[in-house]
Amino acid sequence: MIDPDLLEPLDLLELRGVSRDFGSFKAVDAVSLAVRAGTRHAVIGPNGAGKSTLFSLISGTLPATAGSLLLDGRDVTRLPVNRRVGLGIATTFQHSSLFMRETALENVLLAVVRRAGSGLGIGRPLRSRRTALARAHALLDQVGLPSRHDTPAAELSHGERRQLEVAVALATEPRLLLLDEPAAGMSPVETARLTEVVAALPGEVTVLLIEHDLDMVFELANVVTVMHLGRHLTTGSPAEVRASPEVQAAYLGTMEVTR
Amino acid sequence: MSPNSGTDIGTAARAGSAARRVPAVMVLAGLALAPFVLGSYAVGTLSRILVLALLAMSVNLLTGLTGLATLGQSAYFGVGAYTAAIVARKLTDVGVVQLLAAAAVSALVATATGWLAVRARGVVFLMLTLAIGEIVYSAAVNWKSLTNGTDGMSGIPPVVPLPGMPALELDGLVYFYVLAVFLVLFAMVAHLAGTPFALALRGIRDNEDRMRAIGYPTRRYALTVYGGAGALAGAAGALWVSVQRFVSPGDAGFEIAALALLAAVIGGSGRIWGACAGAALVWLTRDYLGNLEVVDGHGKLLLGALFVTAVYTLPRGLTGIRVPRGLRSVAWPSRKRTA
Amino acid sequence: MAGRFRRPVGLIALTTGLLLATAACGGGSLKADGGDTGEGPVKIGLLVPRSGIYKALGDDMKNGFELYAKQHGGRLGGREVKIVVADEGESAESGKAAALKLVKQDRVLVVSGVVSSATINGVKDLFESSKVPLVGSNASPTTLTGTHYIWRTSYVNDEPGKALGKYVAAKAQGPVFLIGAGYQAGKDEIEGFKSTFLPAGGKTAAAEVYTPFPQTKNFQPYLAQIEKSGAKAVFCFYAGGAAVDFVKQYRDFGLAGKIPLYAPGFLTEGGVLKGQGDAADGIRTSMNYSADLGNAANKAFAPAYRSAYGAAPTTYAMASYDAAQVLDKAIAAAGSKVTPQSVNDALAKVGDIDSPRGTWHFNSDGTPVQPWYLREVKQGANSLTSELVRLGG
Amino acid sequence: MGGWLDSHLVSVVDGVAFGLLLFTLAVGLSLVFGLMDVLNLAHGTLYLAGAYVAYALSDGSLWALLLALVAGVAAGTLGGAALTLLTQPLARRGHLDQAVLTLGITFIAADLLAASFGGEVLPTDPPTALRGSADLLGHTYPIYRLVFIGVALAAAALVYLVFERSSLGALVRAAVADRDMVRALGVDTRKVLYGVFAFGAALAALGGVLGAPILGPGPGVDETVLVLSLVVVVVGGLGSVRGALVGALLIGQVQTLGVALLPEYAPFLLFGTMLAVLVVRPRGLLPSAVRT
């Protein structure tokens, strides 16, 4: 792996003292964090560390109560979800939220078409929109669903739905892909396949993921952030994080690290 | 590569399409030959069913495709019918002009009133459309200078389909005019069903929040389809006037709206022809079976029995009787449990 | 039809073109109907509501027509008749569908019945263009003129009001409040009333009020308005369920006995009167019939009707009975060639009808020239007071 | 102001009577929808059945009215139970299928009732003791309607107390808000559902028995009642007892005071009001607390 710092020393996303309170409870407490372009950046931490809330703040489904978020140096703190999608932030959700009655292909097409143009799409039928179709087919192949293009999402397995979610997210041509516990509830085989899919993503897509499955984290990530009780504990390479006594104490100490 | 990941979405289905087209061709041929075989009443009934099938299709655009159950489509049907009647009496007997005028006015009224309706979903949407329907009905009753009140407007000249063609007096000839317009509008709806627009509407039906999250302005989509469905209902209203040569407030009333919604639902939202088949079933039951001597006015009993039976025996509507797999991509999907 | 064509526009344009090309060649429904009637029974269509809010009227009309046929051995004009009943329903749309079935499918010789004005307007062109006579026995809007195949044995909608105008102008000791159901028949009745009431020196208490029909069930706000207006009498037009509601509430809110109520006879006609009970006592109405008329024809009709159906005959039953009588004469006069056209021609020459309402004949518009009576409700029955006027000429 | 009130007093009082009648109808419809997501279009038929029961049993005595109340409530409960059984197999299929089913049942019932009771509107006279009119600050007002207001107020208060103040009511409200949560507490939610459906149906039939002298049974009355209750339910807010009460009283006033003040707009008042309310508050005046 090439050190991304050498090629592109830019921060794609920067969090400056971002907080989110629920009443007196600080779910995210003044987190500052930089995500470099092109990295595979994982956020880990025990339950209740504030990882999911942090994701919501980044995607825009929850507003931050303090601090600011910058995408490419531009302040996006006050932008709504759909504007952030337009700027290149895509999310896959912990609770699958696909269009269940539509086929896998149609799920991806919805995002592809929206990305391609801003009209209502009344003119040409889908079947003659060859570029969009080709792209949707290619995305499904890319995430490892080559034989499920015409299967309704409701009939896909849990793991396949997560793969489809990744395809839908990729269809919006994101620069930053947020993966919220992609391996939750998946079998080891499914997890391995999804890991491959994410690992094979092109370098221009920056990946930020929350994951409990540390095998997956340490296989995928080249930067790891540890959160604890809503606060940013440390950020570093997987090796550094594993070696950090602070982290050991707060989190890893209670778990068996297998690598 | 996947077996069907070519550039055309229909690759897999293309092989089967010849076989699938056989029933369509047979139905078309039957419709085309009907006036040569059937008597005047049967053909007139067929004309009316084609018109009401268009109305049911318009309901299905909202209800089946977008998931917005409506009890207000008779309002735009009525607006179209009155527009066509007024054009026919005051301006021209050319059918195409009546159709375009009716569709335009109905689209306009639908967009103006739909602005209120598309803010809501579910039962509230249903009730808003009901309110719009009732208000249009009351307007038809009370705006006497325009509509002639409850007496309705008669004395509408026979329709001339295109300039230069003869006026159509006979039921069989009117039927051909209706069939021609029906097929054109059917083709337009079939085309629409394959566009990204229709896919987006299905997305709204299934998961509107998610649609917003991928960046779709969903209310604009809902309003657009509402206006379009209004135009379709208006065009059906214009045809209704060509067939009936009469229009009264009842044409904009609750009974028509309810029957059209029921036709669309028992037809099943899966295919465009489902609404047409549903309309045929509903109106044949009411007007033909209901007037058989043994039935003697118990048409409503028959309709009720039809609805109850349909709900239990055809969970996916008429179109679910034989669900063709494969080409679901472009046609509307059958109603399915989302688990 | 499949939900999807590969090249829908092309395919359909082609089919459509073919259709239009063949349309000129003629066929089953592509020629005008002959309408000949052969030997055997003649078919007569009875277009009456068999369901919905007008069902009670439809029952009366069906009973009246069938009673006449039964009294004459199932024969009209010497020919055996087969009565084909079709359901008018509640709307012009369902009424027209049923009329189309009678005329075009059953190929009946003639149609009778029709309750609602909207329906008769809707089917007007059908009967005129197919040249099948319609002998209507109820609906009769004022605008229905200049027709050649439409006859009515009832009245014209403004006549009951016209009959009463002069009488009320003389009787009322002050301004009169006018109120009616907000559909065309209601407006016709009130206009008819004004056309004789105002010239006779009558004064109105306020602008006339039309209540939404059929949704008005609670008349309290209107009754309050009447009370406030200082009217000395009320002229109203209601029929069916609305008549029951209006009359009962008129009593319950204390207007009965204080402000006399006048109305076209539909207000207290038939089953409606039973529903009103003693609330209807004292209401004075105008009608072309009263079950207690003493003429010979009614002495034969009313008891027979009562014993057959267990209720006093209404004007609806009587007009329908007369429609059968008119057809009896016309079919007989049509002779050996009984066609819709020959029956229609005979209808024009049918002359005086010896009816339970008294003798009447058709005028040039095809409506009756007949006597109108004043009735008053006493002990739950309409009782004849006097003959008011002869109208229709 | 005094003059205004004097001239419209009867309209206001009558609006209360009408509104309370609507409440007995709407509250069941609202709860059944909120709880079970069942759009019960046969609700008007339950009123009609109750009103026919009152007509058939009435003989002028108070005992007959009491008997009619018992019989009507029994018929309504049975009807509600039957409707629950019929709609349950469709529970997962969405509102439309239930709407088609219950509307089909309405058509069948309307046809059978018309066949047995005829096509006339059959106004039922109140018991002799409650006939006649009373003086209401110088205006004549039917005694029966005054009594009706009293009885309906008592019924409304009872319903309100049960649903808003008792632990049973808390359970039902919790089930409206989150059925799974209540199920997780070990409650058999099906019993709650059946109970509420039967209760709502019984209340509608009760409304029919008591309302027969005001809004008599006849063809088309089921449809009128259904549409009015639906309007009340969406104006008040789905699934809430308080909403149904507020909506019913508002619509009652619109139908009486509103018509008295603006007679020329009478045909548009009902639905105009509904449109106006929903434009300002799309979820109704007082929607049930939790519902996404």
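**Close-up views of domains and chain contacts**

View 1. The model is predicted: local features need pLDDT of at least 70, side-chain atom pairs count only at pLDDT 80 or more, and totals for chains, interfaces and linings use all residues. Residues are numbered from 1 along each chain as its sequence is written, while chains are lettered from A and ligands numbered from 1 in the order in which they are written.

**View 2. Where the domains of chain C meet.** Here 11 residues of domain 1 of chain C contact 13 residues of domain 2 of chain C. Two residues are in contact if their C-beta atoms, placed from the backbone, lie within 7 Å. On the domain 1 side, the elements giving two or more residues are α2 (55-71) and α11 (315-334) of chain C. Helices (H or I, at least four residues) and strands (E, at least two) are DSSP runs, numbered from the N terminus. By class, that side of domain 1 of chain C has six nonpolar, four polar and one charged residues. Nonpolar covers Ala, Val, Leu, Ile, Met, Phe, Trp, Tyr, Cys and Pro; charged covers Asp, Glu, Lys and Arg; the others, Gly among them, are polar.

**View 3. The two domains of chain A.** Chain A is assigned domain 1 (1-88 + 175-259) and domain 2 (97-173). Their centres, over C-alpha atoms, are separated by 26 Å. Contacts join 10 residues of domain 1 of chain A to nine residues of domain 2 of chain A. Helix α7 (residues 188-199) of chain A gives the most to the domain 1 side, with four residues. That side of domain 1 of chain A divides into six nonpolar, two polar and two charged residues.

**View 4. Chain B against chain D.** In this pair, 28 residues of chain B contact 30 residues of chain D. On the chain B side, α5 (122-142), α10 (254-267) and α12 (299-313) of chain B each give two or more residues. The most come from α5(B), with 10 residues. The chain B side has 20 nonpolar, four polar and four charged residues.

View 5. Of the four pairs of chains that touch, chains B and C have the most contacts. Chain A and chain C do not touch; 10 Å separates their nearest C-alpha atoms. Chain A and chain D do not touch either, with their nearest C-alpha atoms 14 Å apart.

Methods: Domain bounds come from an automatic or database domain assignment.
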